[in-house]
Amino acid sequence: MSRNHAASHEAVPTLAETIRGAAWARGLTPAQLARVESDVHERSIPAGDCVFRRGEPARHWLGVVSGLVKISSASPSGKAITFTGVAAGGWIGESALLRGGPRKADVVAVRASRVALMPRDTFDWLVDASIAFSRYLLLQLNERVGVYFDSIESNRLEDSDVRIAHCIASLFNPVLNPGMRKDVPLSQQEIGLLSGTSRQRTNQALHALARCGLVRVAYGGVTVSDPDALRRFDG
DNA sequence: ACATTAAATTCGA
DNA sequence: TCGAATTTAATGT
């Protein structure tokens, strides 16, 4: 099972590093941070497994320690869509916690991942105890609003090459996805689910973007050297 | 939808 | 632990 390679330059973040490195942890007092570190626990999720399911009560705020997770949903007839991907360093799921209702979408590991789970009680306590934490939540929620505005605009106005470019670029939002790497480990199928286009159409679009030098396509993923250029792409 | 290629897994030594 | 054989996943048209 274990693979002892000379993969020494591959940094494997610990749970504590993920917490201390999170933007929302910066404004906490040492005592608050200590409670957070003792309350948050970690789970390993194999690729393809579900972390949260749509409809279940929200019991945790979720951080990605390593790997890649997607927020997705499936219609009763089985058609699937993906809302967004969250890479290491990203935190997700605050909406259902704040609303107090059921989860509105599934959270699924796209690649084998480790996730941090902050219990609801700890989250609620931080909201009450720390203005800095609450302010961070406002920032993050506001950033989500901006992403959805851009997404709807792009979907209404642009052709699929541009929409796919914008979908990939939106994964690089520095607030929501601070740890997004240039190599995006999403298959063309997954990018299709994210952008609402068929896998075949996604394949064509990626090669068009590659011809413009905006992405490099590889087996199982694409590489984005300049996310801002992708965001500006307008055909 | 189909053919091709890459990767992951299984299996026997 | 190795590599060949087989199966599964992803790509390209």
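Reply: A cavity is a set of points, on a 1 Å grid over the protein atoms alone, where a 1.4 Å probe fits but cannot get out; its lining residues have an atom within 4 Å of a point. Grid points are joined across faces, edges and corners, and the volume is the space filled by probe spheres set on the points. The model is predicted, so local features need pLDDT of at least 70 and side-chain atom pairs pLDDT 80 or more, while totals for chains, interfaces and linings use all residues. Residues are numbered from 1 along each chain as its sequence is written, chains are lettered from A and ligands numbered from 1 in the order written, and side-chain values use heavy atoms, without hydrogens or water.

Across the whole structure, the search returns one cavity of 30 Å³ or more. The volume of this largest cavity is about 50 Å³. Around the space stand Leu68, Val69, Lys70, Thr82, Thr84, Gly85, Val110, Leu186, Glu190 and Leu194. Sorted by class, these lining residues are five nonpolar, three polar and two charged. (Ala, Val, Leu, Ile, Met, Phe, Trp, Tyr, Cys and Pro count as nonpolar, Asp, Glu, Lys and Arg as charged, the others, Gly among them, as polar.)

Which elements each supply at least two residues of the lining of the largest cavity? They are the strands β4 and β5 and the helix α7. Contact here means heavy atoms within 4.5 Å, and angles, from 0 to 180 degrees, are taken between N-to-C directions of lines fitted to C-alpha atoms, for helices over the stretch in contact.

The two strands are themselves joined: β4 and β5 run antiparallel and share seven bridges.

Pairing requires at least two bridges found by DSSP. At the β2 end, two bridges link β2 in antiparallel fashion to β7, residues 106–109; Cys50 there has Val108 of β7 as its partner.

The elements beside the cavity also reach an open space. A pocket is an open set of such grid points with protein on both sides within 12 Å along at least five of seven lines. The largest pocket has a volume of about 760 Å³. Its lining comprises 31 residues, with Val147, Ser151, His166, Cys167 and Ser170 nearest the centre. β5 and α7 each supply at least two of the lining residues, as do α5 (131–157) and α6 (160–170). The greatest share comes from α5, with nine residues. By class, the pocket lining divides into 13 nonpolar, twelve polar and six charged residues.

A second open sheet of four strands, also antiparallel in its pairing, has the order β1-β8-β3-β6. In that sheet β1 (41–45) and β6 (91–92) are the edge strands with a single partner each, so one side of each lacks a neighbour in the sheet. Five bridges join β1 to the antiparallel strand β8, residues 113–119, and Arg43 is partnered in β8 by Val115. Helix α4, residues 120–129, lies across β3 (60–66) and β8, running at about 60 degrees to β8.
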